[in-house]
Each structure stands twice: as C-alpha cells, then as structure tokens.
Amino acid sequence: MLLDGLNKEQREAASQLEGAVMIIAGAGSGKTRTLTYRLANLLSQGASPYSIMALTFTNKAAKEMEERITSLIGNISKGMMIGTFHSVFLKILRTECERLGYIKNFSIYDTSDSKSLIKNIVKEFGLDDKVYNTSYVLDRISKSKNNLISSQEYIEDNILLTEDTVAGKPEIGRIYHEYTCRLRKNMAMDFDDLIFNTYTLLSLFPDIAEKY
C-alpha cells in the first residue's frame with residue numbers, strides 16, 4: 001500500500017483527500033514527507049496533476065518533493081506546479097500580468113536595483129539620505145508589501161504615518177508611493193511584488209484564481 005511507510009498520524013493526514021489539512025509538528029518529524037505522500041495519494045486516486053499546486057520555501061524542498069512523488073507513483077505526477085512561492089508566482093505573473101497592466105517580459109529588480117531607485121527618489125525629494133537610509137526605507141516597504149499593504153493604503157493609514165513621524169521619517173509613505181509608480185513606469189517588479197501582485201491578481205480576477 002502507498003501509505004504503509006507512514007506512522008498513524010502521518011497516514012491520517014495523507015489519507016485525507018478533501019478539504020484542508022493542517023499539520024503542526026516539530027523539525028525533522030516528517031511534515032514534508034507527509035505532504036508528499038498526500039499529493040501522491042491524491043494522484044493515485046485520480047486527481048489531475050494539473051489541478052495541484054505545491055508551494056515550498058526552498059528550491060531544495062521543492063525538488064525533493066517532486067523526486068519523491070515521482071518515485072512513489074511514476075510520471076503521472078508530471079504537470080503539477082511545484083516550487084517556491086516566488087518561483088511559482090513568477091510563472092503565474094508571466095502568464096497573467098497583462099491583466100494588471102504589465103508586459104509579459106517585465107523586469108525583476110534585485111535588492112541593488114531597488115536601493116538605487118530609492119536613493120534617487122530620496123535625492124529628488126531633497127531629503128536627508130542619512131535619515132532616509134536606503135536599507136531602512138526598503139525594509140519598511142518590504143514589510144508593508146508582505147503585509148499586503150499597498151503604497152496608497154500606506155499613505156492613507158494614520159497609524160503608519162504616526163509611526164514614521166515618531167521615528168523622524170514622515171516621508172516614507174511618499175517615497176513608497178513614488179517607488180511603486182517608478183516600478184510600474186519601468187515595467188518592473190521587485191522580489192516582494194511577486195507575492196503582492198499575485199495576491200492582487202487572484203483577488204481582482206476570480207477566473208484566474210479558479211484557473212490556478
């Protein structure tokens with residue numbers, strides 16, 4: 001049997017074919033193994049590989065999952081979308097980004113590109129670059145995107161404005177907004193946009209959400 005190599009708790013989770021399953025366990029307890037077996041079980045029960053998306057935090061984990069599933073059930077696993085959050089979301093955006101007004105070969109800014117752009121904006125705004133340190137500003141923007149806060153929402157949020165004012169950096173919101181506008185003008189996204197813009201895309205367009 002496919003699930004014979006699992007313990008009781010792992011087998012219970014991997015046997016669940018419908019609905020959500022939350023697995024809470026310590027490091028090295030077999031969480032990835034259990035999830036891998038659940039995917040293999042779903043496929044062996046007739047689920048289409050094209051209906052399965054598996055997201056991980058590292059490329060190593062994604063590769064291991066794919067290899068394990070193939071070893072368990074063979075090539076019927078081909079067609080699944082397995083990868084890190086950023087790599088999978090990039091694939092989605094490359095296909096669907098025109099809905100958000102981007103061209104399909106949009107650029108991706110690395111940390112160096114983002115810092116350079118922020119430095120230019122700070123200079124153009126006539127702000128002190130020691131107060132508005134590029135690393136600090138980028139970190140503030142990054143945390144906002146990871147919390148799904150757009151630049152427009154940021155500048156309209158009194159709590160965030162108060163935090164920045166108390167920190168002696170009241171122009172962070174304006175920098176964030178200009179940074180966002182420049183990225184779009186340049187048909188570019190930064191690393192955090194891969195998650196933020198995918199969330200926006202799936203929220204605005206239910207047909208795309210159903211597709212993936």
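This is a predicted model: local features need pLDDT of at least 70, side-chain atom pairs count only at pLDDT 80 or more; totals for chains, interfaces and linings use all residues.
Biologist: What volume does the largest pocket have?
Modeller: About 440 Å³. The lining has 13 residues, and Leu35, Met53, Ala54, Leu55 and Met65 are the closest to the centre.

Biologist: Which elements each supply at least two residues of that lining?
Modeller: Helix H2 (31-44), strand S1 (53-56) and helix H3 (59-73).

Biologist: And how does the lining of the largest pocket split by class?
Modeller: There are 9 nonpolar, 3 polar and 1 charged residues.

Biologist: Let's stay with H2. Which of its residues are buried?
Modeller: Thr34, Thr36, Tyr37, Arg38, Leu39, Ala40, Asn41, Leu42 and Leu43.

Biologist: What covers them?
Modeller: The cover includes helix H1 (8-15), S1 and H3.

Biologist: How far apart are the end C-alpha atoms of H2?
Modeller: They are 20 Å apart.

Biologist: Which residue follows H2, with a positive phi?
Modeller: Gly46, with phi near 105°.

Biologist: Switching topic. What is the volume of the second largest pocket?
Modeller: About 350 Å³. It is lined by 19 residues, and Ser150, Thr180, Phe196, Asn197 and Thr200 lie nearest its centre.

Biologist: Which elements give two or more residues to that lining?
Modeller: Helix H7 (151-155), helix H9 (172-185) and helix H10 (193-204). H10 has the largest share, 7 residues.

Biologist: What about classes in the second largest pocket?
Modeller: Its lining divides into 8 nonpolar, 7 polar and 4 charged residues.

Definitions and conventions: Residues are numbered from 1 along each chain as its sequence is written. Side-chain values use heavy atoms; hydrogens and water are left out. On a 1 Å grid over the protein atoms alone, a cavity is a set of points where a 1.4 Å probe fits but cannot get out, and a pocket is an open set with protein on both sides within 12 Å along at least five of seven lines; lining residues have an atom within 4 Å of a point. Grid points are joined across faces, edges and corners, and a volume is the space filled by probe spheres set on the points. Helices (H or I, at least four residues) and strands (E, at least two) are DSSP runs, numbered from the N terminus. Ala, Val, Leu, Ile, Met, Phe, Trp, Tyr, Cys and Pro count as nonpolar, Asp, Glu, Lys and Arg as charged, and the others, Gly among them, as polar. The expected span of a helix is 1.5 Å times one less than its number of residues. Buried means under 20% relative accessible area, exposed over 50%, partly exposed in between (1.4 Å probe, protein chains only). Contact means heavy atoms within 4.5 Å.
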